[in-house]
Amino acid sequence: MSSTIFLCSHHFNTCSSNSTNHHNSSFRKSNSLSSSSSSSSSSSSSYKPHGLSSFHKKSQSQRTQFITPISSDSKYGKRQVEIVYDPDERINKLAVEVDKNDGLSRLTLFSPCKINIFLRITRKREDGFHDLASFFHVISLGDTIKFSLSPSKSKDRLSANVPGVPLDDTNLIIKALKLYRKKTGTDNFFWIQLDKKVPTGAGLGGGSSNAATALWAANQFSGCLATEKELQEWSSEIGSDVPFFFSYGAAYCTGRGEVIQDIPPPIPFDIPMVLIKPQQACSTAEVYKRLRLEQTSKIDPLTLLEKLSGNGLSQDVCVNDLEPPAFEVLPSLKKLKQRVIAASRGQYDAVFMSGSGSTIVGVGSPNPPQFVYEDDDYKDVFLSEASFITRAANQWYTEPVLASAATTADHLQPVE
């Protein structure tokens with residue numbers, strides 16, 4: 001039985017007309033996986049991780065049953081009826097009732113993740129947090145979140161397509177909706193369906209993006225009571241990375257990460273990248289616990305920003321002070337980065353870890369190294385192609401359409 005809460009066949013935005021539905025690509029290890037994905041419905045997720053990740057297995061097992069078979073037994077003269085209960089249909093009927101009201105009732109939004117091109121940790125604050133200086137950029141890998149107004153005015157209801165996602169008040173989506181009601185005095189409650197494609201514990205800010213997307217959605221349902229600047233300021237109460245997503249997609253971030261300076265995108269959008277995340281996650285708290293400030297880079301982050309803006313992306317710009325402690329937490333991650341660099345033979349402009357890990361990013365090619373396919377140590381890694389994206393003012397992020405040659409595993413050419 002499907003775990004979907006409701007279905008939504010369109011995207012729209014009450015404060016912006018630019019909202020479209022697109023698909024991106026991912027990598028699969030075996031030809032059998034590639035052939036099965038090519039015959040799947042176009043509405044299914046186009047992001048599928050490599051190997052045996054539960055992200056892929058779960059999405060493949062979900063099917064909504066709409067038919068009610070009826071048969072007769074001529075031998076005994078009896079009719080047999082099987083009643084199939086479809087919760088999606090029931091919820092959609094309720095949503096139609098809500099649609100009778102004027103105004104927005106359902107909305108589907110893309111919730112993209114980010115990478116850190118460079119990440120300097122500058123000091124430890126008295127409140128226990130660390131000050132950082134980092135260049136963040138939004139990329140095309142992301143989740144899809146469907147929001148529907150609830151007829152009741154008592155509780156938000158969240159479902160997800162993968163196990164392990166908290167569905168209670170600890171989820172950042174629920175926290176964001178509660179925060180919006182608190183700040184604005186509105187009383188909208190929602191059904192939310194989270195189609196999760198960004199892996200957790202990856203250093204990609206997937207949960208922070210979900211929170212920002214939920215704030216944006218709540219504002220749309222309320223007729224845009226808050227400005228983008230207000231949403232950005234409020235979002236810092238949820239988490240340090242959340243305010244970044246209210247930038248235009250490329251920003252220099254300082255403080256705990258909540259001080260945002262929009263920067264003209266320094267990297268062409270047509271430069272591809274590959275994301276490689278091992279099954280093991282890095283605990284952000286454990287990484288910071290092992291951080292030794294005296295061993296961090298001494299280069300001025302403004303110098304890194306100047307180099308990036310003036311000369312584009314290069315390996316010497318991609319400094320991440322969290323790599324050494326992350327490699328202590330997960331020694332195999334250091335080995336993975338070293339192997340990617342050694343195998344790339346110049347295919348990648350830069351190879352680096354994003355955030356606190358455990359995703360290794362190779363910018364310059366959408367294809368992973370050959371060893372990822374051949375070595376059993378990497379049979380369960382998550383792989384995805386991605387590109388840099390931004391957004392326009394008063395519009396949310398939309399998932400870009402990649403070239404057709406890069407949308408199926410059949411066309412992938414591993415780096416040898």
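These legends describe close-up views of a predicted model. Local features need pLDDT of at least 70, side-chain atom pairs count only at pLDDT 80 or more, and totals for chains, interfaces and linings use all residues. Residues are numbered from 1 along each chain as its sequence is written, and side-chain values use heavy atoms, without hydrogens and water.

**View 1. The largest nonpolar core has 43 residues.** A nonpolar core is a set of buried Ala, Val, Leu, Ile, Met, Phe, Trp, Tyr and Cys residues joined through side-chain atoms within 4.5 Å. Buried means under 20% relative accessible area, exposed over 50%, partly exposed in between (1.4 Å probe, protein chains only). Phe147, Ile173, Ile192, Leu231 and Trp396 touch the most other members. Helix α5 gives the largest share, eight residues. Helices (H or I, at least four residues) and strands (E, at least two) are DSSP runs, numbered from the N terminus.

**View 2. Leu231 and its contacts.** Contact means heavy atoms within 4.5 Å. Leu231 touches Tyr180, Leu215, Trp216, Asn219, Ala226 and Phe246, leaving out residues up to four places away in sequence.

**View 3. Helix α10 spans residues 331–344.** Its 14 residues reach 21 Å from first C-alpha to last, close to the 20 Å expected at 1.5 Å a residue. The expected span is 1.5 Å times one less than the number of residues.

View 4. Leu333, Leu336, Lys337, Val340, Ala343 and Ser344 are buried.
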